[in-house]
Structures are given as structure tokens and as C-alpha cells.
Amino acid sequence: MSSRPDSTVVDRQYGSALSGNADDAAAMLVGAVKRYGFGQSAVVALDDVTIGFPAGKFTAVMGPSGSGKSTMMHCAAGLDQLTSGRAFVGNTDLSALDDRELTRLRRERIGFVFQAFNLVATLTAEENICLPLTLSGRRPNAAVLDEVVSLLRLGDRMHHRPTELSGGQQQRVAVARALVAQPQVVFADEPTGNLDTRSGQEILGFLRSAVDRHHQSIVMVTHDPNAAAWADHVVFVVDGRVHDVIDHPSADSVIDVMKGLGR
Amino acid sequence: MRSAARSVLASRGRFVLTGAAITLSVAFLVATLVLSDSMRGRAAGDIAEALAGTDAVVQGVVLGEPGGGPGDPERSVRRSLDSDITERVATVDGVDGAASQWVGFAKLVVDGSSVGTGTASDVGRNWVADPALNPFRLARGRPPAEVGEIVIDRSLAGDAGLAPGDVVQVLTTTGIHDATITGVATFASADAAPLQRTVLLPDGAVSAWLDTAAPTEVLVDVAEGADRAEVLDRLSELTEAEVIDGPDHIRTMQDVATSPLQFLTVFLLAFAVVAVLIGVTIIFNTFALTVARRRRESALLRAIGAERRQLLGGVVIEAALVGTIATLVGLVCGVAGVGALRWLVGLAGITLLTGPTIVSTTSIAVAATVGIGATILSAWIPARRAAATPPIEALRESAAEARVVSPARTASGLVLAAVAIAGGAVAVLRSSAAWVVLVVAIVPALVLCGPAIVTAAARGSARVARRVAGVGGSIAAGNLAASPRRSASTALALMLGTAMVTMFGIFATSLTSAVGTDVRDGLQADLVVTSATADFPTIDPTLAGRIAALPEVDAVAALSIAEGIVAGKAEAIGGIDPTALPTLFDLDPIAGDLADLSEGGVAVVGDDPTLLGGTLAIEFEGSTLEAPIVAVVARSTGGFEAPLYFVDRATLDASVGRLLDALLFVNLADGAVAADEDVRALVRATPGSFFETRTEHVANSGSEIAAFRNFIDGMLLLAGFIALLGVANTTALAINERSGELGLLRAVGATRRELRRIVRLEVALLSFVAASIGIAVAFGFGWALIDVTGGAEIPSVVVPWSRLAVTLVVAVAAGVVAAAWPAFRVSRVPVLELAGRDR
């Protein structure tokens, strides 16, 4: 397994995205290029991106449609393969892993929250929450499970199946599943995209408190400035490149940057 | 039209599978129809041609109709004609020519061994001199003139490599005769008469060799210009005999010749129907899923103004396209595959399979209609259901099928199931076959209850699956319940397949056992001598005496069999030596004394001792025997043609004339060393007789059924293969539908192997449920059917437990094999594509 590059490389370019030392990054992309198709019709989704997502922080990734923000997340999470460059989760170089090792990494060190298709319909809420653990043959830590469940106020819903839950409840189950294994980093892809405002705010509140209370690292792709305002940093992606990074965002500051992108 | 074609092309894999199911069922159907046409057509054509010159036939009055059971004679038994009948017929006004036709048993023997095995029977006839009346035509040589000269049919000549001038022997009811071949004949233009091997004898030899005092029938040539109806009337006034018009006679002969094929055709068609049914289930599933997947797209089209009919039209055209292409391929494969089917049927020992293939337009039309019609119909039903949904609802709703099983559906299924079970119970209790019909209701009952059964099975097995296979087990069990209707219709195909296997298994085992039980329990002799065929005794009657004369032979008892009519039905009547037989074969008398047979009594096989003391009338061709019932025995001598009535051998000889022996039972003296070899040598030197030790005889009784079982197994393999195509197809479709969920599983850390395992588990579970139900239903159905209709041939139901267990294991294993391909495919797709496919 190759070692991480010199942290100064990262610092030089996007120092502000990283609070403190680069060794604290929960996930990182180095010289990441993702190209779809070949020759004339090739589309470059990621164009030589180098970025670290700091540990114990809540990072939002924003950008217009087709900017490459989702691709960036998928590559960082080992769901998709880079054309060139490298992706790290902690100190692990993803490009050096085969499918089985990647799978194991996903279930042991990464949590996922998607916009839809978040739950297995045939399993109860509790089984869904514990799924990554059961898949790797582990038993959930009872204390952690209790805490996550009470944090997300799912106590009375544990034996229901997804079809018997509301959209907000389903998404809470998905968040619980992502958190319960205490992964190195949680990737959330538009987690509030399908929810009404209240449920969305709830979900974001839970993510926020997971970062504040348990120093959970979270990377969230979103196009909603109000959602991004819950994060510690916001990374703006345009045309496959990192365009800007702001710290301690507010909805207004995010909108200001976006206005700048629009033209 | 073009969009339909494009959508077919776009989902090639799915439609190749569906198409394959249709193609296979159509091919099977058309091959069955063509084969049965060819067999029947060939036989019918030959008979019509051979009998074309015969204007009328005079035959004896019918005494009894064939029994219809597995061991009963196939033809009706008739009263003998007078010996001077032909001369009298010839003198009738308007008759141009009359020829005696003598028919009996004659088997060709070359170098000490008889020629020809299989289902064809060995027939001896006289050579009819009048070429207009003779069904045979000389191909080579000259007609037989002197006693000791014979003509054989071309098929026999070919099989045994014989030519005019060769010296052979002929085994008839009067023993073995030396003969010289003078010619080779054809039946019309065919090598042989349908399902017969014929030896043609000169008029001078026929009465003595075939042991009949009078001709079997008189062939009549009506003079040209004479009124045929009047001539027929005059003929019927002549004597107490039946006069049959030429065309009617041809039809009867055609029916007789093709009746063994009829049975086969019914079997083949039953399989074809099952194949089509399975095919339809597969198509139905495919289109139901296709339509469901396109629901949103359809809803969008509806929202922007497409009419319901336009949407339906698209699906129907798509189905028609797939159905037509698959059917055309199926027709071609079916016609080409007739040869394969012939081979398969040949496993059952049926040899009348030569001759040209007759592809009638009817066969093609029937198969094509079934193929295309079934496809369109099974596409139309789900399409209509989808088109009936209001557009907005369809847009909002997810594409997945409702998980809820309609209680009304289940309830009506349960009612039907109750009817079926009650019908079976009443049938068994009252032994009345009419009630068995109700049992058929179990099929629609299963169709209706299917979803509920699958849901219940999934729920019930969830805990076990979880314990055995972890969370993958829960998911697999849950997936079954997630789409109960689809799971149920997939299961139905498998259920039908296993039910067929089980039914035939129980039937064959019970029959084999029935045939074998008597032999197993009753046989006490050390050695047994058997006839060349099960249908006809062929053992030289002097053999018993010669074996008895050997040193170290303790006792010999012979069994002869004649056909007689009891209560209007043709039955086998056994002639035994009542003092010698009991030590060699225990008939297990439960009332009376077998020894009383020697005073002219009769013994009845049955389990009712009160029959004792009654009187039984047996009509033979030339006489009637009325005898008191002096014994009731629990078992017969075993084998297919086992007699149900026994008389003293002398009584039987007196009634029907001299007979060949059907079986000889031989006991060796205690401490005999080489005696069995001596008997073996003697038997080998006697044509028409075969040597078996006790063990061999027990093992061989029922071997006729074993050949039949090979054939059944071949057919089942085919039906099973089609059912498995269905499993593969439905599983692949279901996986497609669940791609989002599978992608999620991959994302949160399920390995490819775990995904494959889930798919396999799901199919294994479904196969297990389907096979269990199929076996259970067939078990009950078969039990009731055999119990009620089995009669004396199958007195008790014997369950082939090991075979059922094997069926279950094979069904589950085959299901898993069928799921391997979709499982492999799903595990190869990259994670993101799965997760993103439906978004």
C-alpha cells in the first residue's frame, strides 16, 4: 500500500479546506482525473482534483448540475474508479485495492446515505441499521446502537419495515445505518433531496450533532445552500475542478459564491 | 411497430430467454403432432392400400371387448367360424371370390433363437392366392406351396438377414416346425404390417401349425356390377357371423393398428401441454415485469395524451413479434426434431417409427396458433392491467408489485382445494372413479393460492434462513414475499414439473410392484423358464417333461394361459397342475382348496373369501366353461399377463385345444450341483423359452415398465429444462427490478459472492417450496387415482420414497443451477451502475 503524499502539496493548493495537519484528512483525492468515454466524445468529470476532507468535520460539496460533485464523492468513497490519480480513505490507497478489499473497506470504514434506494425493503429498520455490521460478521455495539437510535428518535420504529415508515423516518434509518458502525467517514449524496423542509432540517441536525458530539467525519453532496450552511466547510466544484472553498458558511455566503459561479 | 421492434432489440437477453421458452414448447408440440401423424398416417395408409381389394369381411361374433387394463388383451375376442364357411360364402350370389384368412401366433426362429423383440407381435397367416384379396405382395421368390415352405415379410428378412432358400424354424402354438423360405413379401408397399412381424404359410399347413379348426375371417370380393348392400345382406343371412363392409373393416383395422400409438400420443400431448403451460407462465412473467418496469413511461405517455389502446397495442405488437419469431423457429426445430423424439419414444420399445415424416398443415396450424396465441394472450393480460391504472397514480407509485395478497383470491383457492381434497377422499372411501374428477380442481386452487403459499413459506422460512445464511437469508426469504404473484407463477412451472415426475413415479412404482409383488412373495421355485414375449406363451409343451426327466430335478410345474371372456371382458385364464404348483409357487389360497381344480373347478384371484361356492362362466372362442368356484387365492403368478382365474390344465386344454406353456417353475433336488446348468442348456436349445434363476425372475418381472420409465424420464427432462429456463428468466428479471436495492447492498459492503448467494438462496427456497408442493399434490392425486382405478392390476399404492427425495433434491439443485447465470451477471455489474440504473 503506497503512503500518502507529502501533506504540503495539499496545503499549498487548498490549505484553507484543511484545518490543521493533512494527516487528519478522513478522505483525500490526489490528482484525481475521471474521464467518461474516449476520444472526441470524452467527458472530463474530474480534472486533476487534489483535495482532502478533514477528519471530524462536516464538509459540504456544492456545484451546478454536471459539475462533477457526485463523481468526486463516488470516487472518494470507492464506488467508482478514477481514470488517473489516487484516492485515499485514511491512509489506504483505494487504487491498490481489488473488488473484495474495496467492499470490505466500504462496509468497515465508510458509511453511506443516498437520496433514494437507501433501505433494503425486506429487512426491518433495525436489520437495515445493522446491515453493514452483520455483513462483516460483527455484532453492533449495544451502547452505540442505543445512542444512535435515541439520537435519531427511532426507538419505536425498530421493527417496522421501510414501507411502513415515512420518508423522513426512512432517511433517519439510513443515517443511523451510516453512523452505527462508527466509520472513518460518512458520505451523504443529497440526503435531503427527497424530503420536505422539516424532515430535511432534522436530518441535517442529526448529521451536525454526530460531528459535534462524536467527531464523525462527514462529506455531503448537496445543491441546497441551506443544507450546506450546516457544514464546517463548503467545497465548490465547477467543470470538474475545485473552484472555491469557504469555511464556516452561512446560507447567504454560500448563495453569494453560487451567484459568482452562475455567470 | 418500429418502437416495439426497438424495445425487443434493446432487451435482447430477456427476449432470447422468453423466446427460447416459446420455441421449445412449440417445437415439442409440433414434433409430437408430426410424429403421431406420421406413425398413424403410415399405418393407416398401408392398411388402406393393403385391404383395398377386399369388399367385405366375414368374422365371428364378438364375445367380449378388450379389458383396457395394462395386462388385458388388446383385441376383442370372437366366436370361431364354421370350418366350411369359405365354401358357403363363395356360393352366395354376387360373390366373385372368397378367401379364408387364418391368423395365429407364429414366431420366426433362426439358428435356435427367435427373431424380433419390442412391441410388435408375431403373426402367422396363410398366403391368400387371390392377389385382389391378399394384403401381402410378393417382393422376391415365390409363394409357399408345400407344408414346410414359408414367405416372410421384408422387415423380418432384413432384420435376420434372410433370403429365399434359407432354412429356418417357425414356433407356433403347436410347437416348433422346420421351414424353408420361398419368398419375401411386403404389406402393400410397406416392409411389414403395422406393429406386426408376419410369417405367411401355405393353406395346407395353416390349420395344423396355427392350431385352429376354422379360418379367422373370410375375405370377400364382390362381383362387379352386383349391389354390394344386397350381397352383404345375403352374406349375413348365411350363418351366425358378422359381415363387415370393406371400408368399415379398413377403419377398424386402422384403429386396432394405431391404438397402441393412441396411448403414446396422449402421453406425448400431455407433456406438450405441460411444456406449453410452462412456456406461458414464463411469457406471462416476462411481460408482467416488462410492463411494470415501463409503467412510469406508459403513465407519462398517457399523461401527454396517448390512448389506452395505443399503449396496449405497443405491448401486443411486441409480444406478437417475439411470439412469431420464436414460433417460427420452434416449428422448424420441431419438424427437424421429430427424429430426436423418435429416439426418445424408441426408449419405450416402440418400433413402428420408420417411414416418411408427415407434416400436416393442421399440425403446423395448431402449433403456430398455440405459440403465437399464448404469447399474445400472456402479454395482453398484464398490459391491460397496467393500462387500466390512472396515469397520475402510475407516475406516483413505485413500479414494484403490491405485496398484499388478495384474500378473496386465496379464499376461492382454498375452497377449490377443499373441493379437490374432499373429492379425493370420497373417491377413495367409496371407490368410485367419478369423484376423482373433482381432484383436478387442485390445479386452479394452486394457481389461486400460489401467492399466499409463497408468502407463508417465505415468512415461515425466514427465521431458519436467517440462522443458516445470516442476513442474506433474511433478504432472500423477504424477496420471495416481496413479489408473491411473480414468485408463485415461477413456482407453478416447477410445481407442474415435479408433480408430473411424482405422478409417474408413483404410478410406475406401484405398477412394477404390483407386477413384482406376487412373484417376490409367491415364487418358491429355484428356476423359472419364461416365454419370448409377455403377451404370448411360447414355451414348447414338451419342455416341462424333458426338464422333469433330468437328474437332480425335483419338481416341474407349467402354467398355460388362454384368453377367455368373463362377464363380458377378455381375461387371461391360467391352466395349472393343482398338485405340483403349490410347492413351486404359493398362490396363497384364502378359501377352498386348489386340489379341487382337478374335478373341473375354478380358482379366483381376489381377497373376498365369500366368492367360494359360486359359479363362474368362462366363454372361449369355441366353447363355454361353467365351473364352480372351489378356491379363492390371494395372488396370481405375477407378470403383466398374470391370469385372474385358474383352472386345471386339462380343463383348459379341453376348452381351447392344445396350448404352449407361458411359464415353467422348476425345483432342484436338495444338494443339486450342476442341475441348473443342465436345465439352462436344455432351455437354450429350445426356441421360445428363456432361462432365469429365481433372483433373475424376480428382478425381471416389471422390466417392461422400466423401459417405459426411461421414456418418461426423457420427457420429464425436457419439461424440467423448460421450467428451468423460466426460473432463469424470472430471476434475471427480478434482479433487474431490484437493481437499486442490490446496488445499495454492494455500497454498504456486501461482496459479489454474498449477492450471488442471496440470489441462489432465494431460488433454492422457491424451488424447494414448489417441488414440495408439487410432490405433495401429485402424491395425493396419484394415490387417489391408483386407489380408485388401479383395480386388480395395481392393488396397492407403493411410494417411491427415494425417488421422491431425489426429485426434491434435483429440483432444488436445478433451480440453483438455473439461477447461477443471473447471479453471475448481477455480481459482475459495477456498484454504481446498479445503484444508478433506475434513477
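Colleague: As I begin to read this model, what share of the contacts in chain B with a separation of 6 or more comes from residues 24 or more positions apart?

Modeller: In this predicted model, residues 24 or more positions apart account for 84% of the contacts in chain B with a separation of 6 or more. Chain B has 839 residues, of which 53% count as buried, and its secondary structure holds 25 helices and 24 strands.

Colleague: How many helices and strands does chain A have, and what percentage of its residues count as buried?

Modeller: Chain A comes to nine helices and 10 strands, and 49% of its 263 residues count as buried. Among the contacts in chain A between residues at least 6 apart in sequence, 69% join residues at least 24 apart.

Colleague: I would like to turn to the sheet in chain A. In what order do its six strands run?

Modeller: The general idea is that strands of a sheet pair through backbone hydrogen bonds, in either the parallel or the antiparallel sense. In chain A, six strands form an open sheet in the order S6-S7-S8-S3-S9-S10, with mixed pairing. Strand S6 (110-113) and strand S10 (241-247) of chain A are the edge strands, each of them pairing on one side only, and from one strand to the next the twist averages 20 degrees.

Colleague: In what sense do S6(A) and strand S7 of chain A pair, and which helices pack on the sheet?

Modeller: S6(A) pairs with strand S7 (residues 185-189) of chain A in the parallel sense, over four bridges, and A:Gly111 stands opposite A:Val186 in S7(A). Helix H2 (residues 69-76) of chain A packs on the sheet, where it touches strand S3 (58-62), S7, strand S8 (218-221) and strand S9 (233-238) of chain A, and its direction makes about 150 degrees with that of S8(A). Helix H7 (residues 197-214) of chain A also packs on the sheet, touching S3, S7 and S8 of chain A, and the direction of H7(A) makes about 155 degrees with that of S8(A).

Colleague: For a pair of helices, at what angle do the axes of helix H4 and helix H6 of chain A cross?

Modeller: The axes of helix H4 (residues 125-135) and helix H6 (residues 167-180) of chain A come within 8 Å and cross at roughly 30 degrees. Angles under 35 degrees count as roughly parallel, so H4(A) is roughly parallel to H6(A). The crossing in which H4(A) passes H6(A) is right-handed. On the side of H4(A), the residues that meet H6(A) are A:Ala125, A:Asn128, A:Ile129, A:Cys130, A:Leu131, A:Pro132 and A:Leu133, and in H6(A) they meet A:Val173, A:Ala176, A:Arg177 and A:Val180. By class, this contact of H4(A) with H6(A) has nine nonpolar, one polar and one charged residues.

Colleague: Turning to individual residues of chain A, is A:His215 buried or exposed?

Modeller: A residue counts as exposed if 12 or fewer other C-beta atoms lie within 10 Å of its own, and A:His215 has 10 C-beta neighbours inside 10 Å, so it counts as exposed. A:His215 lies in the loop between H7 and S8 of chain A, and its phi is positive, about 55 degrees, although it is not a glycine. A:His248, in the loop between S10 and helix H9 (251-262) of chain A, has a positive phi of about 45 degrees although it is not a glycine, and A:His248 counts as exposed because it has 10 C-beta neighbours inside 10 Å.

Colleague: How many residues does each chain bring to the contact between chain A and chain B?

Modeller: The contact takes 23 residues from chain B and 22 residues from chain A. On the side of chain B that touches chain A, helix H14 (442-482), helix H22 (739-747), helix H23 (752-789) and helix H25 (831-836) of chain B each supply at least two residues, and the largest share, seven residues, comes from H14(B). By class, that side of chain B has 11 nonpolar, eight polar and four charged residues.

Colleague: Why is H22(B) described as largely enclosed by the rest of the structure?

Modeller: Eight of the nine residues of H22(B) are buried, which means that H22(B) is largely enclosed by the rest of the structure. Among the buried residues of H22(B) are B:Leu742, B:Leu744, B:Leu745 and B:Arg746. After H22(B) comes B:Gly749, with a positive phi near 115 degrees.

Key. Residues numbered from 1 in each chain as written. Chains lettered and ligands numbered in written order. Predicted model: local features only at pLDDT ≥ 70, side-chain atom pairs only at ≥ 80, totals over all residues. Contact = placed C-beta atoms within 7 Å. Nonpolar A, V, L, I, M, F, W, Y, C, P; charged D, E, K, R; others polar. Pairing = 2+ DSSP bridges. Axes fitted to C-alpha atoms, helices over the stretch in contact; angles between N-to-C directions. Buried ≥ 20, exposed ≤ 12 C-beta atoms within 10 Å, placed from the backbone. Parallel < 35°, antiparallel > 145°, perpendicular 65-115°, else oblique. Left-handed = near helix turned anticlockwise from the far one by under 90°.
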